[in-house]
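Please examine the sequence and the structure shown below. The paragraphs that follow lead through the chain step by step.

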Amino acid sequence: ETEPLICIGCGAQIQTTDPDSPGYTPKGALAKGMETGELYCQRCFRLRHYNEIQPVSVSDDEFLNLLSQIGTTNSLVVYVVDIFDVNGSLIPGLQRFVGDNPVLVVGNKVDLLPASFKPKKVKDWLRQMVNRAGIRPVGVELVSARTNQSVDDLLKVINQNARNRDVYVVGVTNVGKSTLINQIIHQSSGEEQVITTSKFPGTTLDLIKIPLDNGHDLVDTPGIIHASQMAHYLNSHDLKYVSPQKRIKPRSYQLNAEQTLFLGALGRFDYVSGTKAGFTVYVDNNLMIHRTKLENADAFFEKHAGELLTPPVGAENVIPLQRHEFKVTDTSDLVIEGLGWITVPKGSVVSGWAPKGVAVLIRKSMF
Ligand code: GDP
């Protein structure tokens with residue numbers, strides 16, 4: 001038995017298999033580190049040498065431990081969500097864990113929304129979404145970490161709300177928290193080495209600190225993996241259809257009752273009953289949408305999934321879809337978590353299909 005190798009930066013156990021988990025070190029770097037006796041995980045190495053943070057994720061338990069420790073501090077909590085996947089960004093019990101500390105909600109990836117979106121309306125909508133999850137935010141901001149849109153406004157709002165407190169940034173994986181923090185670092189760094197690290201007692205992972213104008217720190221925390229994200233069910237080739245890279249061009253369809261839309265072979269939407277109406281689909285622009293009759297839909301999927309209907313590519317990669325039916329009283333969005341959403345008129349019955357484990361739900365319409 002050999003002793004586990006430990007990163008001298010953060011104390012995480014060194015591993016060479018999962019780049020997204022603590023302690024990841026490429027095999028080559030491991031050999032070199034053993035030689036020199038300076039063994040850093042990839043994340044700490046980049047942090048030391050490039051002042052750049054990489055995303056890292058932890059288990060639910062570790063994450064909840066971190067969150068409840070935030071509750072013992074006097075701080076502002078900045079909660080980052082993916083505006084394209086709000087449901088997949090929710091952290092159950094967040095408000096309870098952070099105690100009396102104020103929460104500022106940041107909707108990231110607004111560059112994906114259609115150009116015509118009304119920021120005020122989307123902010124109000126996002127506030128309602130997080131209210132439902134038990135969070136009472138002191139503010140809601142919309143940004144794009146990728147294009148840098150409104151990141152300077154966000155920094156102003158953070159500074160206003162932080163007063164004499166530290167700021168903790170939290171979020172599940174994939175919401176763009178690391179990209180956002182790297183933007184903040186670039187905006188706030190005149191000199192090199194703006195970053196320092198610290199640990200909460202009883203945790204192994206380093207927390208990354210960036211100095212703020214108020215003399216306190218902005219602290220990055222690891223992301224938690226949200227198990228029901230569509231991303232976990234797909235290989236990297238298929239994944240690119242799920243997380244849109246470009247501004248979404250909504251696609252509209254006039255549907256009669258008993259018509260079906262396939263979203264590749266990853267999702268399916270049935271208009272079960274209601275009068276002829278318009279439906280708008282918000283998914284990645286490259287995802288193929290195919291219309292059929294509801295009565296033929298099962299057989300169509302059976303025959304064409306993986307071939308005409310992609311992604312996934314290849315019949316052997318096709319995942320069976322599960323059906324979820326809804327009676328809709330108000331104009332709503334039917335959400336297939338991680339894949340996108342379809343607007344649904346009031347007074348209709350619809351069903352949404354997704355791989356088992358991927359949430360399908362009805363929410364108040366975003367637009
Ligand atoms: P983290 O796990 O929350 O730290 O997320 P990352 O910063 O690693 O980002 C996850 C994915 O979202 C990456 O593919 C990023 O390129 C992408 N991403 C991050 N911010 C934005 C954004 O503002 N707009 C868009 N379109 N994509 C983003």
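Domain bounds here come from an automatic or database domain assignment. On that basis the chain is divided into domain 1 (1-50), domain 2 (57-224) and domain 3 (232-364). Residues are numbered from 1 along each chain as its sequence is written. The model is predicted: local features need pLDDT of at least 70, side-chain atom pairs count only at pLDDT 80 or more, and totals for chains, interfaces and linings use all residues. The centres of domain 1 and domain 3, taken over C-alpha atoms, are separated by 42 Å.

An open sheet of seven strands runs in the order 4-3-2-5-8-7-6, with mixed pairing. Strands are DSSP runs (E, at least two residues), numbered from the N terminus, and two of them pair if DSSP finds at least two bridges between them. The edge strands, each pairing on one side only, are strand 4 (139-142) and strand 6 (196-198). Strand 2 pairs with strand 3 (residues 103-108) in the parallel sense, over six bridges. Valine 80 has valine 106 in strand 3 as its bridge partner.

Attention now turns to the interior. A nonpolar core is a set of buried Ala, Val, Leu, Ile, Met, Phe, Trp, Tyr and Cys residues joined through C-beta atoms within 7 Å; a residue is buried if 20 or more other C-beta atoms, placed from the backbone, lie within 10 Å of its own. The largest core has 60 residues, and those touching the most other members are Val77, Val78, Tyr79, Val105, Val106, Val167 and Val169. Strand 2 (residues 75-82) contributes the largest share of this core, six residues. Domain 1 (1-50) and domain 2 (57-224) both give residues to this core, so it lies between them. Apart from it lies another core, of 35 residues, among them Val242, Tyr271, Val281 and Leu309.

Methods:
A residue is buried if 20 or more other C-beta atoms lie within 10 Å of its own, exposed if 12 or fewer, and partly exposed in between; C-beta atoms are placed from the backbone. Helices (H or I, at least four residues) and strands (E, at least two) are DSSP runs, numbered from the N terminus.
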